[in-house]
Amino acid sequence: MVRAAVYDEVGGPGVLHLAEVPVPEPGPGMVAVRVRAAGLNPYDAKVRDGFIASDAPFPRRIGADLAGTVEAVGADATYWDGTPVAVGDEVLGSGAGAVAELALAAASNLALRPPAVAAEVAGGLKVPGLTAVSCLRTLPLSPGDTVLVGGASGAVGLLVCQLAVRAGATVIGSAAPRNHDFVRSLGAEPVSYGEGLADRVSSLGPITAVIDCHGREALDAGVQLGIPVDRMVAIAGYGAVKELGVLNVERSARTAENLAGLAEEIAEGRLLYPVAATFALDDVVEAFRALEGTHDPGKVVVLS
Ligand SMILES: NC(=O)c1ccc[n+]([C@@H]2O[C@H](COP(=O)([O-])OP(=O)(O)OC[C@H]3O[C@@H](n4cnc5c(N)ncnc54)[C@H](OP(=O)(O)O)[C@@H]3O)[C@@H](O)[C@H]2O)c1
């Protein structure tokens, strides 16, 4: 048996508790990962509190992103490039119920962790990293663009800012005032979110594109500023795709190959990917409270 964070009913962070669960056996294409670090995502909290519906039976495990050590390998388990997964490999990616001592993962969702990337950094990379890559794939940017990134200090937003700057775009990123220096450090011009966003953005200059990394507000500002809907992409502003006609973030870039590329860039110091806070598995409730409250830029990570 291993310890895993579980919940028996939908609700706030307080419904989470640790339970002993059977050690899973990896089937074909699967591996068992001894989890060292599991990054928490807002999606995990949205399913837990019922904002996103799930028909998974209770008790439910929680978490997806992870970094850890391969402990057991199922038949035909290979990485994206065809290399067989081996016991003892240090990996990053995602698995089912990652906030635990052990989790099952599809080998196709994993990449080898570069030694220069700490497990606590790698453990929170997959979902935000591949979402950020997908934003730029959905909405390519070029040096003529000025893009508004809504939620620039979040895990997805801080990566989107860096990728947009690299594409040559001028970047305006919305964040709380306490994070404006951080947004500047990404190469972006900060702006405060909240009422009057469109006016504050237009005072900085005309924009040509919007990437929503927090919610509807940046997209509504884009509409006010006359940005065509095919130059705006939504990852969190649920409803905006249908109601406004903006682009939905595409999924084809969410590959382990791209994940390996992002990890390499972090290893080489070409991408900044901070950890906001770490918590022990025993403190999983506090960890989710930190994720869902005000936290420093970067990932909230549970260490097993
Ligand atoms: N569609 C997808 O595939 C996908 C994938 C990943 C994430 N998401 C969604 O994207 C969102 C961000 O995820 P994340 O992992 O980046 O979360 P995160 O790291 O917790 O960051 C959330 C950020 O939102 C900012 N924020 C709070 N209120 C805001 C407002 N009114 N306007 C603009 N920003 C505001 C916060 O900035 P301050 O700290 O500066 O206040 C915080 O940095 C979540 O809703 C998540 O569910 C979607």
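**Contacts, core and ligand shell**

Guide: Begin with V147, which touches L141, A164, A169, V171, I207, A209, V210 and I211, leaving out residues up to four places away in sequence. This is a predicted model, where local features need pLDDT of at least 70 and side-chain atom pairs count only at pLDDT 80 or more, while totals for chains, interfaces and linings use all residues. Residues are numbered from 1 along each chain as its sequence is written.

Visitor: What makes L141 a residue that V147 touches?

Guide: Two residues are in contact if their C-beta atoms, placed from the backbone, lie within 7 Å. L141 is listed among the residues V147 touches, so this pair meets that cut-off.

Visitor: Which residues touch the most other members of the largest nonpolar core?

Guide: V147, V149 and V160 do, in a core of 104 residues. Helix 4 gives the most to this core, eight residues.

Visitor: Why is this called a nonpolar core?

Guide: Such a core is a set of buried Ala, Val, Leu, Ile, Met, Phe, Trp, Tyr and Cys residues joined through C-beta atoms within 7 Å. Buried means that 20 or more other C-beta atoms lie within 10 Å of the residue's own. V147 is a member, so it counts as buried.

Visitor: Why does the ligand lie between domain 1 and domain 2?

Guide: Both domain 1 (2–125 + 274–303) and domain 2 (128–248) give residues to the shell around the ligand, so it lies between them. Domain bounds come from an automatic or database domain assignment.

Key
A residue is buried if 20 or more other C-beta atoms lie within 10 Å of its own, exposed if 12 or fewer, and partly exposed in between; C-beta atoms are placed from the backbone. Helices (H or I, at least four residues) and strands (E, at least two) are DSSP runs, numbered from the N terminus.
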